[in-house]
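Dear colleague,

My findings follow directly after it.

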Amino acid sequence: MTPRTHPILLAWEFSAGVFCLWSRLEAVLGRGSPGSMAFSGKFETESEKNYDEFMQRLGLPSNAIEKGRNFKTITEVQQSGQDFVWSQLYPGGHSITNKLTVGKECDMETVGGKKFKATVRMEGGKVVVDSPHYHFTAEMVDGKLVEISTFGGVTYERVSKKLA
């Protein structure tokens, strides 16, 4: 019997292959081990696209838009398997915390204070939130949190660097 055909080594190779495949699947679905959650961390805004038009579309007053224009929003994400706590701190101490569970309808709130219900899903490593008037995706790209929101036909992108 050669090492390549030994039953114990074949079983180990098979188990290692299944573990590797399972680990990749878990990473894509965002279900890695608790110590390696893809989204968990504290992030600070690094760049934004289409800020003014998006905030106007949300109905924020011009003075609030002006205050927030160069503010470094702090986003904190806590992920535990399929559950997320997504918090953002805005200018003037205003903060929003949304609790999300993949596959379930969740109550959410926008920075403009609009409340809505939407079902959260994972698609290719992205958190996706859809409602009739709002679309949101978040993904990790090169260690940065990339969030894209669309409301009323206006799209806003925020890229944030990881702080902790």
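Lysine 99 lies in strand β4, which spans residues 95-101. This is a predicted model. Is lysine 99 buried or exposed? Lysine 99 has a relative accessible area of 62%, and because a value over 50% counts as exposed, lysine 99 is exposed. Setting aside neighbours within four places in sequence, lysine 99 is in contact with Phe84, Val85, Cys106 and Asp107. The C-alpha atoms of lysine 99 and tryptophan 86 are separated by 6.3 Å, and these two residues are 13 residues apart along the chain.

Regarding the chain in general, its secondary structure comes to 3 helices and 10 strands. Read from the N terminus, the elements follow the order α-β-α-α-β-β-β-β-β-β-β-β-β. The chain has 164 residues, of which 33% count as buried. Its accessible surface comes to about 9700 Å², and 56% of that surface belongs to carbon and sulfur atoms. Among contacts with a separation of 6 or more, 41% are between residues 24 or more positions apart.

I turn next to the interior. In soluble globular proteins, nonpolar side chains tend to be buried together. The largest nonpolar core in this model holds 31 residues, and Phe39, Met55, Phe84 and Trp86 touch the most other members. Phenylalanine 39 is buried, with a relative accessible area of 1%. Not counting residues up to four places away in sequence, phenylalanine 39 touches a series of residues including Val77, Phe84, Trp86, Met122, Val127, Met140 and Leu145.

The aromatic rings deserve a separate paragraph. How many aromatic pairs does the count come to? The count comes to 7 aromatic pairs. In one of them, the rings of phenylalanine 39 and phenylalanine 84 have their centres 5.8 Å apart and their planes at 75°, so the pair is edge-to-face. This pair links distant parts of the chain, 45 residues apart: phenylalanine 39 is in the loop between α1 (7-29) and β1 (41-49), and phenylalanine 84 is in strand β3 (residues 83-89). Phenylalanine 84 counts as buried, at 2% relative accessibility.

The rings of phenylalanine 54 and tyrosine 156 have centres 5.3 Å apart and planes at 15°, so this pair is stacked. It also links distant parts of the chain, since phenylalanine 54 is in helix α2 (residues 51-58) and tyrosine 156 is in strand β10, 102 residues apart. Phenylalanine 54 is buried, with a relative accessible area of 4%, and tyrosine 156 counts as buried at 4% relative accessibility. Ring pairs also link Phe39, Phe84, Trp86 and Phe136 into a cluster.

Lastly, I describe the strands towards the end of the chain numbering. Strand β8 (residues 134-141) pairs with strand β9 (residues 144-151) in the antiparallel sense, over 8 bridges. Methionine 140 has leucine 145 in β9 as its bridge partner. The hairpin of β8 and β9 has 2 residues between the strands, and aspartate 142 takes a positive phi near 55° there. Strand β9 is joined in turn to strand β10 (residues 154-162) by 7 bridges, and these two strands run antiparallel. The bridge partner of serine 149 in β10 is tyrosine 156, the residue whose ring stacks with that of phenylalanine 54. In the hairpin of β9 and β10, with 2 residues between the strands, glycine 152 takes a positive phi near 55°.

With kind regards

Note on methods:
Residues are numbered from 1 along each chain as its sequence is written. This is a predicted model: local features need pLDDT of at least 70, side-chain atom pairs count only at pLDDT 80 or more; totals for chains, interfaces and linings use all residues. Side-chain values use heavy atoms; hydrogens and water are left out. A nonpolar core is a set of buried Ala, Val, Leu, Ile, Met, Phe, Trp, Tyr and Cys residues joined through side-chain atoms within 4.5 Å. Buried means under 20% relative accessible area, exposed over 50%, partly exposed in between (1.4 Å probe, protein chains only). Contact means heavy atoms within 4.5 Å. Two strands pair if DSSP finds at least two bridges between them. Helices (H or I, at least four residues) and strands (E, at least two) are DSSP runs, numbered from the N terminus. Rings of Phe, Tyr and Trp (its six-membered ring) pair if their centres lie within 6.5 Å; planes under 30 degrees apart count as stacked, over 60 as edge-to-face and the rest as tilted. Accessible areas come from the Shrake-Rupley method with a 1.4 Å probe; for residues, only the protein chains shown count as cover.
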